[in-house]
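Welcome, and please get your viewer ready.

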Amino acid sequence: MSPSILAGRDYMDLDNGMRLRLLSALEVLQARREAEELAQSERERALCANACLLARALETQEGENVFSSGEAVLSGLRVEEISNLARTWSRFNREENPPLTLSQEQADEVKKK
């Protein structure tokens with residue numbers, strides 16, 4: 001993926017030597033589609049969606065995916081790890097890509113952070 005024209009940073013380094021990468025709209029759609037195939041009930045939907053998102057966003061420092069698929073994330077990480085990493089990615093995404101509905105004052109405040 002090429003760098004975003006709107007985002008400030010495209011990567012967030014983690015304490016464990018890995019990094020989270022912002023995803024393109026297409027990658028988010030692909031993650032959602034993969035999650036739909038993985039989830040066998042409504043209760044599984046959020047966990048599968050987070051796992052599929054992380055399969056695309058979690059990378060080594062060299063830019064290689066840590067996991068090949070959402071199913072691999074589910075096999076390799078605990079529920080708490082998936083939840084924490086997905087929450088971290090979501091916070092990072094909001095910080096770097098504030099919604100277009102922000103007022104000028106709110107946008108200026110986000111830029112300061």
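Start by selecting Arg19, which is buried, at 13% relative accessible area (buried means under 20%, with a 1.4 Å probe and protein chains only). A word on what you have loaded: this is a predicted model, where local features need pLDDT of at least 70 and side-chain atom pairs count only at pLDDT 80 or more, while totals for chains, interfaces and linings use all residues. Residues are numbered from 1 along each chain as its sequence is written, and side-chain values use heavy atoms, leaving out hydrogens and water.

Arg19 sits in strand 2 (residues 18–21); strands are DSSP runs of E, at least two residues, and helices are runs of H or I, at least four, numbered from the N terminus.

Next, select Cys48 and Cys52. Why is there no bond between them? Their sulfurs are 6.4 Å apart, too far for a bond, since a disulfide needs two cysteine sulfur atoms within 2.5 Å. The structure holds zero disulfides. Cys48 is buried, with a relative accessible area of 5%, and Cys52 is buried at 0%.

Last stop: show Val28, Ala31, Arg32, Ala49, Asn50, Leu53, Ala86, Trp89 and Ser90, which line the second largest pocket. Helix 1 (25–38), helix 2 (45–57) and helix 4 (79–96) each give two or more residues to that lining.

Notes
Buried < 20%, exposed > 50% of the residue type's maximum accessible area, 1.4 Å probe, protein only. 1 Å grid on protein atoms, 1.4 Å probe; cavity = no way out; pocket = protein on both sides within 12 Å on 5 of 7 lines; lining within 4 Å.
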